[in-house]
Every structure is written in C-alpha cells, then in structure tokens.
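Reader: I have a structure open and would like to go through it piece by piece. Can we start with the strands?

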Amino acid sequence: MSELDAKLMAKALEVGRAGQPSPNPHVGALVAKDGKVVSTGHHDRAGGDHAEVVALKAAGAEAEGATLYVTLEPCNHVGRTPPCTDAILKAKIARVVIGCADPNPHVAGGGVKKLRDAGVEVVVGVEEAAAQSLIRAWTKFVTVGAPYVSLKLALSLDGRIATRTGASKWVTGENARAKVHALRSGHDAVAVGIGTALADDPRLTVRDVTGISPLRVVFDTRLRLPLESRLVATASKIPVLVLCGEDAPKSQEDALGAFGVQVLRVDRSAEGRIDVASALVALAERGVVRLMVEGGAELAGSFLATRYADELHAFLAPILLGPRGRPGAVDWAGPDSPQEAPRILEPTWELVGEDAYVHGRIHYRDQ
C-alpha cells in the first residue's frame, strides 16, 4: 500500500460518511489522476446512484486512464441500479483501489473478478480496517440477518435512571439530549420498552438537531400502549411499530391500527417477554439496519443478557438519585465477576455540557 493510496482512500472514507443510504451501505469514491483528485462521490440514498457512478459522472472524460478509489468492492449485480463494474469499464478507468471486499456472501469477489478479467488493475485492502468500520452495521445486516444494535443509557452517578417517585425528566442536560437526537437521526429505528412508553410518554422523534426521525418501535408484549399516547397520536406522520406476543388482544391491535400503528406479533422468551432474536429478525426483514435501543431497564437488560447489543452509548449525569431511586439503568442478572462483565473496548469519552458521554463497541468476554 503506497502512501498516496492510503491518503486518497482516507479521503474516500471521509466522503463516504455522508448521506443516508440505508438499507444500503455507506460508500465513498473518488477519481484521481496523477495523484490529484478529479471528483468525489458518495451513495446518498437507496435507489440513487452508487458512489462510484456519482464520482465517474462528475469526472466525465477525465475518468479515462484514471484511478478510482472506492471504499467497498464495486457491485457486479443488478439491483435498483445497474452494476457499478459496467460503469467503471465504460469510463475506461485504468486502476481501481478498493478499501474492503464486499462481505455479502452472495456477491463477494464478483466485482473484483470482472474488473481484473477486463484488464483493469485492482488493489484490494487499502485502509481495510477503516473501510470495514464504515460498513460495520450493514455487514451484520447482510451476514447475520439482524440489525446492528446501539444501546443508549442515561443515568446518574449512582447508576439510577429516575428518582424514588419515578421522575426521570431530566436526568441529563440539554446538550446530552441534543446528542441523543443526533444519534437517533443516524439510525433506521429507535426502540423502547412498554414501561418507558407508559412512564414517559415519549415522542422518540428528532427535534433538537437537523435530521430525519426514524421508525419508532415499542416492545409491548401485551399491547398496553395507550391510544392517547403521543406515539399513537403521531403514528400517521412518523411510523410506529409495536412488537407484541402472539396472544396479545386482537381488539387492541385493531384499535391501534385505526391510528396508523403497525402491530407485529413475534415469539416470547422463556421469561414471557418479547424474544429479542425474533424481534431483530422481524425488524431486519423491514429494512432496519441500525437499531437504537433507548430503554428502559428491562429492555436494556434483555439486549445485554442475550448479547445482541453491539454498541453502548452512556450519558452520565453529575447527580445522585439515591438508593431508593428507580432500579438501575440495566435490569438483568449480570455477570458473576467484574472480569466477566461486558465492557467497552477502546472507549471514547467526551464531555457533553455538564454530562460525561462514553461510547464504543461492546465486548463480551468469550467472544
């Protein structure tokens, strides 16, 4: 890997973070000639031009004999758009530098082979770790068939999420709440348990920052979501999906449906709650690549106990709510020892207003 290739791939990765292409992956591309950037492109929306095509169109005739840098192996199959390999060959690109191979087991390697068979020089694996990180959520989606899960917690210094009276607004400050809204806008769906829906009557929309509100999901085994709740009242404008057990009352499903709420029946766990695995498969089938779980304690505990939480985003407020405050942020049996505890490897710590914010990928001991 040359220094120039690494530098230009880093630029392509930066470009690739833009857009909201879900359920497709984030991809960045650029065309370079004699070491200088001619054009750049990213995949902005599903159904729109892929990053390579955007960059090639912008380059025009200058693409001939140039090098194309792309963060993900170009596709070689027909989906909503034609194969990117065809566009690359038509543009007479001489060399293609790829960040990482396509992880999709059904198409991996096809793009590289077609380009090489056509006489194009292809280099694979430049800034590979960063390229894989860019598509981490989508990789899980296409290989496991489940969304990538971000678990968000907001808690006091003594680990509580509400006072002894149940008051929880607000544990964290305005800056932290704005950060949460920004996180929501980067996910396809945001989920809460029915306990949180009943206690807080949340909207789960993006308000404090510029962004699109995701699908709102409630884990509600017995369909207790009130018809007068703010989620139901706004379901006709911003979609709401309620996951319930097979035996939940049909009359309540019909009542919620009249307001535009989607109801989906899934399996129950041994404890009688919504089975997390079944719920994730159902959400993936609806195109949810990134899921943000915001609470409450039981739902957070279910995701940690089943090891389906991939990332943790915890906001720690400099307040004490006392031993009689509502149960901790996570309700689960927990590990037998600190050494067995799930933990964030390589955590990132930030100050968000007066609150501390730590986030990163969750590591489970025997992984």
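Author: Strands S3 and S4 are parallel partners, joined by 5 bridges. Strands count as paired if DSSP finds at least two bridges between them. Strands here are DSSP runs of E with at least two residues, helices are runs of H or I with at least four residues, and both are numbered from the N terminus.

Reader: Before we go on, where do these values come from?

Author: This is a predicted model, in which local features need pLDDT of at least 70 and side-chain atom pairs count only at pLDDT 80 or more, while totals for chains, interfaces and linings use all residues. Residues are numbered from 1 along each chain as its sequence is written, and side-chain values use heavy atoms, with hydrogens and water left out.

Reader: Which residue in S4 is the bridge partner of Tyr69?

Author: Val97 is the partner of Tyr69 there. Tyr69 in S3 is also the bridge partner of Leu30. S1 and S3 are antiparallel, with 4 bridges.

Reader: And what order do the strands of the open sheet have?

Author: The order is S2-S1-S3-S4-S5, an open sheet of 5 strands with mixed pairing. S2 (36-42) and S5 are the edge strands, and each has a single partner, so one side of each has no neighbour in the sheet. On average, neighbouring strands of this sheet are turned by 15 degrees against each other, direction ignored.

Reader: How many bridges join S1 to S2?

Author: There are 6, and the two strands run antiparallel. Across that pairing, Val31 is opposite Ser39 in S2.

Reader: Is S3 mostly covered or mostly open?

Author: Mostly covered, since 6 of its 6 residues are buried. Buried means under 20% relative accessible area, exposed means over 50%, and partly exposed is in between, with a 1.4 Å probe and protein chains only.

Reader: What lies across S1, S2 and S3?

Author: Helix H2 (residues 51-59) does, running at about 135 degrees to S2. For such angles, axes are lines fitted to C-alpha atoms, for helices over the stretch in contact, and the angles run from 0 to 180 degrees between N-to-C directions. Contact means heavy atoms within 4.5 Å.

Reader: OK, helices. Which residues of H4 are buried?

Author: In H4 (residues 110-117) they are Gly111, Val112 and Leu115. They sit on the same side of H4 because they cover an arc of only 100 degrees around the axis. The arc is that of the directions from the helix axis to the C-beta atoms.

Reader: Why would residues a few places apart point the same way?

Author: An α-helix has 3.6 residues a turn, so residues three or four places apart point the same way.

Reader: What is on the face of H4 turned away from its buried side?

Author: The exposed residues Lys113 and Asp117. The buried residues of H4 pack against helix H3 (84-90), strand S4 (95-100) and strand S5 (121-124). After H4 comes Gly119, with a positive phi near 90 degrees.

Reader: What about H6, which residues are buried there?

Author: In H6 (residues 136-144), Ala137, Trp138, Lys140 and Phe141 are buried. Seen down the axis, they fall within an arc of 160 degrees, so they line one face of H6. They pack against S3, strand S6 (148-155), H11 and strand S11 (290-295). H6 is followed by Gly145, whose phi is positive, near 80 degrees.

Reader: You mentioned H11. Where is Ser278?

Author: Ser278 is in H11 (residues 276-285). Its relative accessible area is 19%, so Ser278 is buried. Not counting residues up to four places away in sequence, Ser278 touches Val266 and Asp267.

Reader: Now a loop. Where does Pro335 lie?

Author: Pro335 is in the loop between strand S12 (311-316) and strand S13 (343-344). Pro335 is partly exposed, with a relative accessible area of 36%. Leaving aside neighbours within four places in sequence, Pro335 is in contact with Glu340 and Ala341. The C-alpha atoms of Pro335 and Ala305 are separated by 9.3 Å, and the two residues are 30 apart along the chain.

Reader: Last topic, the whole protein. How many helices and strands?

Author: The protein has 12 helices and 15 strands. Buried residues make up 48% of its 367 residues. Its C-alpha trace spans about 70 × 45 × 40 Å along the principal axes.
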